[in-house]
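Some labels given to residues rest on cut-offs. The questions below ask what stands behind them.

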Amino acid sequence: MRPLIFVALFSTLAFATPAATLPRGDDQFQLGWSMTEVDSALAANGVEILWRGFDFITAAGSPRAEFVEYRFAVTPDWPSLLWRVTTAYPAPYRREDFDGVRGTLEGLLGTPSDVKHPTPKSGDPEERVSWVDPLTSVQLGARWTEPQDPKVDRMVVTWTDRKLQKVVETQRRKQKQHGR
């Protein structure tokens, strides 16, 4: 009897589906892409590149977004890999703008893992909505100040590859220790 129970239990575990994971991007990018893959996707979509460096590309945003920044983890093995994508929406933005972006993200990512509401009475005007799994985090954030300052206030969506983020943080710590 025990062998049958073991076989039944093993079969159940072997064919169980893994926990649901977040998408690694949208129709414009996938975290973990090389710089060449991001370049190709931007060119295919007719997106203008505003600035470029050895570990980043900043591109023009959509009609509502001001810009999109693609950050790459410089790895010992070529190519460098996309670890963070930040889309910035300029001030002034309204509650309807925030709720629209949040709705789009919820349609893609599902129910948020965490929601932090602003508490203006205690001096904290930031609102954040986050989706997190072991590999990916996505965060929507905005500051609700009156008046909004176009020089510093942005509504921001940030996609992060959590594994590559650790690589980048380790590199930064080593550079700091060596005075670079």
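**Helix α2 and other local features**

In this predicted model, helix α2 spans residues 35-44, and its buried residues are M35, V38, A41 and L42.

Q: Why are the buried residues of α2 said to line one face of the helix?
A: Seen down the axis of α2, the buried residues fall within an arc of 125°, so they line one face.

Q: Which residues of α2 are exposed on the other side?
A: T36, A43 and A44 are exposed there. Exposed stands for over 50% relative accessible area.

Q: What do the buried residues of α2 pack against?
A: They pack against the strands β1 (49-53), β2 (56-60), β3 (67-73) and β4 (81-90). Contact here requires heavy atoms within 4.5 Å.

Q: Why is T158 called buried?
A: The cut-off for buried is under 20% relative accessible area. T158 has 18%, so T158 is buried. This residue is found in strand β8 (residues 154-161).

Q: Which residues is T158 in contact with, leaving aside its neighbours within four places in sequence?
A: T158 is in contact with R84, V85, T86, S137, V138 and Q139.

Q: What kind of peptide bond joins A91 and P92?
A: The bond is cis, with omega about 0°. P92 is found in the loop between β4 and α3 (95-109).

Q: What kind of peptide bond joins E146 and P147, and where is P147 found?
A: A cis bond joins E146 and P147, with omega about -10°. P147 is found in the loop between β7 (136-143) and β8.

Methods. Residues numbered from 1 in each chain as written. Predicted model: local features only at pLDDT ≥ 70, side-chain atom pairs only at ≥ 80, totals over all residues. Heavy atoms only, no water. Buried < 20%, exposed > 50% of the residue type's maximum accessible area, 1.4 Å probe, protein only. Helix = DSSP H or I, 4+ residues; strand = E, 2+ residues; numbered from the N terminus. Arc of directions from axis to C-beta.
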